[in-house]
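Please open the model in a viewer and keep the selection panel at hand. The tour moves from the ligand to one residue beside it and then to a pair of strands.

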Amino acid sequence: FKGKGNVKDGLSKMLTEVSQGYFQPDVGGENIPIAQGELSDLAGDEPLFKALYQWFLDSGGVYKLAFGPKAFIVVSDPVVVRHLLKENAFNYDKGVLAEILEPIMGKGLIPADLETWKPRRRAIVPAFHKAYLDAMVAMFGRCTHETIRSLDALTAGTSPAVTDMEEVFLNLGLDIIGLGVFNYEFNSMTKESPVIKAVYGVLKEAEHRSTFYIPYWNIPVTRYIVPRQRKFHADLEVINDCLDGLIARAKQTRQADDVDALQARDYSKVTDPSLLRFLVDLRDADLSDKQLRDDLMTMLIAGHETTAAVLTWTLFALMSNPEVERKMLQEIDSVLGDKTPDLEDIKQLPYVRAALAESLRMYPQPPILIRRSLADDVLPPGLNGDPAGYPIGKGADIFISVWNLHRSPYLWKDPDVFRPERFTEANSNPDFKGAWAGYRPGTEGSSMYPNEVASDFAFIPFGGGARKCVGDQFALTEAAVAIAMLLRRYTFKFEKGPEGVGMATGATIHTANGLKVTVAQRQRQRVASEDAPALAGVSA
Ligand code: HEM
């Protein structure tokens, strides 16, 4: 892997430190092609996942980036991805990602080692059952009504109003996840609380850690002398105190009636439908408060920014593709009218759901999944046939590039075109290529959305296999409710064109400059947001 001129020394040094800090020694098979490129490609202005795309086109579905004695393997092939996520999933843990997230999420489900993960996954998955989702959909509607209230205030004047919709979606996502996970009312559209500030502070630090190359925060003294590390620990304390308080309160208010109702999944009798209530009421006797807190913190972070990013990039794509927006509106108007949607309504909005899937195809959140092998393994031959497969050693670091997979010219026709129809048409459609040609719309099982099963791992917006996202239906329903309610009420136009938005790498894909839009009320009958019921949760 070549360095470039003067940049070489500084960057080589930095990247060697990266690898020393995070990555394991190069234990990949000798046969894996090594990407030929410039170090400056990796450390330049472009987001990392975009640099990895060009090398995928040049070097194939499995390639290696090597820095001095260390390396990581980039995988962009559905057959190899299926092996890593499903067929041999328990040979891999979260490696670098777990190191970054552990200080924040402890042993929560995302970074957890396999031993911790197994019983916690078994406890948490049942919490996301259909009765819970039904209860949540009504709350998604109430929170979106709050967003509408604030956008109405903004658009009440005569001159066009400009707002940053990325920020609006982050606030909406936070309000929803607060209520859904622990019945906590952030109410972030209208107020600022120390807890909200602390959540954003911690998210920022998680992002800093995932994009900053040298893990200096592992040196204990930095906690006291580096201002951003001091702030991070102070923020963590604020959130942990809040979560500890909520856990204590949930334990004190545990009632036999609620437990019975939850056991029967009868949410009509449950006063607090949050995940916290479920996990406290039905908890294992030996579950520690620390583990419960780690799980809650994980879901707070995993469920907030991801969904906000999906909404941000969906709106971006719709403003860039007015014809798609027009079709969505047609469907929303004819199915919903002015009604606040419930779960049955969302089932009747196939085009809206396809547009969300298409948004997740083009803008996957996160764009990269991270793994480290726990024992030697042999990667299977990829779609384009590496006849021998590649042996890799214990400790190999792997980046699964969801971005590459979802924009692969071997799998998708016109991968850079936003076309929701590709998910609704029959599989004879020429849009589908390679493995994806096996996709059959409507074969998603209990899921209402295209997924990794129907696409045979060509489309993995929520991962797949054992460690697949637990909140996928929650998040997609939330996004469908929000986008339907906002699109029918407002028109959105780029303030400065799509180029002004930019793209940046974080834990999810961010805009570089915010999603600044001109927003105006749509010229049609109005939705009576004033009549919407107020939110009901624990106050911030
Ligand atoms: C895992 C994406 C929303 C909780 C994952 C993974 C992906 C993902 C790709 C797999 C990570 C890996 O294999 O390394 C998303 C997206 C979301 C979303 C795109 C929004 C559109 C949510 C929500 C929650 C949640 C709302 C909870 C309320 C989790 C948890 C895991 C996870 C706990 C870890 C599962 C495990 O390891 O067993 N998510 N997620 N996510 N997600 Fe989500």
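Helices (H or I, at least four residues) and strands (E, at least two) are DSSP runs, numbered from the N terminus. This is a predicted model, in which local features need pLDDT of at least 70 and side-chain atom pairs count only at pLDDT 80 or more, while totals for chains, interfaces and linings use all residues. Residues are numbered from 1 along each chain as its sequence is written.

Of the 21 residues around the ligand, Gly303, Gly463, Cys469, Gly471 and Ala475 come nearest. Next, highlight α14 (289-320), one of the elements that supply at least two shell residues; α14 gives the largest share, seven residues.

Now centre on Cys469, in the loop between α18 (402-406) and α19. The unreviewed UniProt entry places the feature "binding site" at Cys469; such annotations may be inferred rather than shown by experiment. Cys469 counts as partly exposed because it has 19 C-beta neighbours inside 10 Å (buried means 20 or more other C-beta atoms within 10 Å, exposed 12 or fewer, partly exposed in between, with C-beta atoms placed from the backbone).

Finally, select β9 (residues 397-401), where five of five residues are buried. Asp397, Phe399 and Ser401 lie on one side, and Ile398 and Ile400 on the other. Strand β6 (residues 368-373) runs antiparallel to β9 and is joined to it by five bridges; Ile368 stands opposite Ser401. Strands pair if DSSP finds at least two bridges between them.

Note on methods:
Near = placed C-beta within 6 Å.
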